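Dear colleague,

Please find the structure below, together with its sequence.

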Amino acid sequence: MYKHFITLEKKSFWRSASLSSEILTKILAWSGKVYVVGMMILASFIGFKYIDHELCINPLDVANTFLIYWFIIDLILRFIFQKMPMINIKPLLILPINKKKIIFFALGKTLFSFFNFVYAFFFIPFSILLIVKGNVSIVDVLFWNFGLIGVVFFNNFFNILLNKKNHIVYIFALVILILGSLQYYEYFNITQYTAPFFEGFYLSKFLTLLPVVLAIGLFFLVFAFTIKDVYLDTSVRLKSKKVKTESLDWLNTFGRTAIFLKNDIKLIKRNKRAKATVVLSVIFLFYGLLFFPDSMGAYKGPFFGILAGVLISGGFLLNFGQLVPSWDSSYYPLMMTQNIRYKEYLASKWWLMVLITGITTILGSGYLYFGWEAYLSVIVGAIFNMGVNSHIILLSGAFTKTPIDLMSSRNVFGDMNAINVKTLTLSMVIMVLPIVFYAIGHVIYGPPLGYVLVSLAGIAGLAFRNLVFDKIEKVYKSEKYVTIDAYKQKK
């Protein structure tokens, strides 16, 4: 039966309408994985050498001290990037297949996640160096690694639980925030208590079994939570909720585009995945802290300021806009049968991105703390986002063929399947183009002319908006039927 499930997964991939983009995504993903593996191996050797020779401290003691941070960072990365164990189970529920086998297969897929193996490329070389240097015996190293394996798989299943239970996410985030703040202000150092736990993996051998037992227990807990919902009626029936109707009459000044604006605002307020774009927009506001403070010497180049301005003001544009029109994929074929001009539809998305870009620009006024030039880069970046990048984002949407299941909580922070050659190229243009304009002005006269050229490009985009929309509309029309066919397919 499991072999049959694997066959279905392969057919789903090779028969997908977005096959070309998925192949590119796989190539990019594996290239990134190879890079991460290389960095893990390099970090293992460099870290060990620095601690052993420069600091003259036992590397194993240092590793045990910082393993709690690895545990937390791994969970955060998994929550953001790791895909949930999903297969298209609805067609399987009407067949004489044991539901337990379906769930075991879905959860078993997570055991082969990249996150479960990538750390081996750090800890195995690190362990070999420990043995060669004589810091610890082979038996102790084996027990230590066995305990870490248990922690890795505990994180794997705990991440699934986090994605299923929002209240656990809030509690976990609150605990991390409190502990992090206490340690930052030197009131409480959690590593004093966690380091002995990790040392116990080889000092008290039986302690090695604790994370393994917890990982197994968590597997069955997740299994119990999941199997309760694996019934045809619960999969089809929607949960009834009390909702508050909103008219949003103040948007009527936008004419016919107000219909789409209202839908998008309601989507953002009510849908978990759409809300995540707002969360990411807030996170993007803090990008400037990497570029403007004097302590960050690596980002003091002449062109980093304008890039910071684009990122600070364009968080929503980059995160929400890159999935236009996939947000509407569930009813996109129906929408295309109505008397709706593409230009009106695109204008609604454009106005939404421009309005929120304006709001984030105002919120970015806190960068005045770093001087007027820092906030000037935010304003100039916002003008460029409104006049140029907003159009490039809309153009890239014409080539986005990946539907979004708004009823699913998986991949809350995005889906790499939406990436293909054209969207990837246009995304690179968004980052590079403002730097090019700024660089030209910077070389000719200095930073003032650089900011002027970037601003003029944005203003020109705003001035010729209707002409640009006409060109983008033609591209959407040429891709119309391919997009409809792709959105009709179930991932």
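The mean pLDDT of the protein is 79, and 79% of the residues score at least 70. Confidence is highest in helix α21 (residues 447-463), with a mean of 91, and lowest in helix α11 (residues 232-236), with a mean of 50. Residues 295-299 have a pLDDT below 50, and this stretch has 6 contacts in the model beyond near neighbours in sequence. For residues 409-420 the pLDDT also stays under 50, and the model has 35 contacts there beyond four places in sequence. Where pLDDT is low, the predicted coordinates should not be read in detail.

Ile 51 lies in helix α2, which spans residues 19-54. Its relative accessibility is 13%, so Ile 51 counts as buried, the limit being under 20%. Leaving aside residues up to four places away in sequence, Ile 51 touches Cys 56, Ile 57, Asn 58, Pro 59 and Val 62. Val 62 is 11 residues from Ile 51 along the chain, and their C-alpha atoms are 8.0 Å apart.

Tyr 184 belongs to helix α8 (residues 166-184). The relative accessible area of Tyr 184 is 63%, and this residue is therefore exposed, since the term applies to values over 50%.

Yours sincerely,
A colleague

Conventions
Residues numbered from 1 in each chain as written. Predicted model: local features only at pLDDT ≥ 70, side-chain atom pairs only at ≥ 80, totals over all residues. Heavy atoms only, no water. Helix = DSSP H or I, 4+ residues; strand = E, 2+ residues; numbered from the N terminus. Buried < 20%, exposed > 50% of the residue type's maximum accessible area, 1.4 Å probe, protein only. Contact = heavy atoms within 4.5 Å. pLDDT = per-residue confidence, 0-100.
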